[in-house]
Amino acid sequence: MTIILDLLFPPRCAFCGRLLDASGDVCGECEEALPLRAEGKILRTVGENQYPCAVAAYYDHPVSTGIKALKFGKKSWRTKVFARYVARAAEDTLSGRFDAVTFVPVSWRRNFSRGFDQARLLAAETAKLWGVKAEPTLRKVRHNRAQSSIISSAQRASNVKDAYAVPHPDRVRGRRFLLIDDVCTTGSTISAAADALMAAGAAGVVCAVLAGGHRRRHSTEKPPESRKICERKCRE
């Protein structure tokens, strides 16, 4: 059966989308190029309430390529691979600080257009690695402008203000949550969601994302030639 499935759906790299010659889910080139944040440097704080947030990798190639393929290329299977990195980051820095796993939901419109909620899938796969289930605690009650289209940090914060609500506070009250999302740029989105959880009575919120920020590059450094290939293939 596995051989038949491989013929019908040949394994591809979760980041660049290339066909894989050997077993695994990440190609050798991407494995070597992954911009993972060094241990001890993956913790940052977001929002006015300073929520701790574990960031597994920088939002650079090939991680950015994989995330774009996930969100805009409808490649939801990639979350199974991405979850390993999120889980590792959370374990390294937030172990013992949460009792349950939840996620930052997208609006019903975005969920309809994409066919899935990438943060929900990422949280589900991450929680599965720990033998638990991700719980849907939040609802996005306002369909706001895409954060990626806004540069100003202040405008980003305003754009997601009061965008999240907790439909069932009794399921949140007194519990400590790990809040998962795919990307953290300014932290406005994930902190707005965390604020909603705390307002509903959560005992604490810590966060984890796959990617955030960028590595510093030398001005003369050129992006790898493989990026052009990967960006062409990211929707495959």
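These legends describe close-up views of a predicted model. Local features need pLDDT of at least 70, side-chain atom pairs count only at pLDDT 80 or more, and totals for chains, interfaces and linings use all residues. Residues are numbered from 1 along each chain as its sequence is written, and side-chain values use heavy atoms, leaving out hydrogens and water.

**View 1. Helices α4 and α6 cross.** Helix α4 spans residues 79–94 and helix α6 spans residues 118–129. (Helices are DSSP runs of H or I, at least four residues; strands are E runs, at least two; both are numbered from the N terminus.) Their axes come within 8 Å and cross at roughly 65°.

**View 2. The largest nonpolar core.** This core has 39 residues. (A nonpolar core is a set of buried Ala, Val, Leu, Ile, Met, Phe, Trp, Tyr and Cys residues joined through side-chain atoms within 4.5 Å; buried means under 20% relative accessible area, with a 1.4 Å probe and protein chains only.) C13, F15 and Y85 are among those with the most contacts inside it. Helix α4 gives the largest share, eight residues.

**View 3. Cysteines without a disulfide.** The count is zero disulfides (pairs of cysteine sulfur atoms within 2.5 Å). The closest cysteine sulfur to that of C13 is in C27, 3.7 Å away, so it is too far for a bond. C13 counts as buried because its relative accessibility is 0%. For C30, the nearest cysteine sulfur is that of C27, 3.5 Å away. C30 is buried too, at 3% relative accessibility.

Notes:
Axes are lines fitted to C-alpha atoms, for helices over the stretch in contact, and angles run from 0 to 180 degrees between N-to-C directions. Buried means under 20% relative accessible area, exposed over 50%, partly exposed in between (1.4 Å probe, protein chains only).
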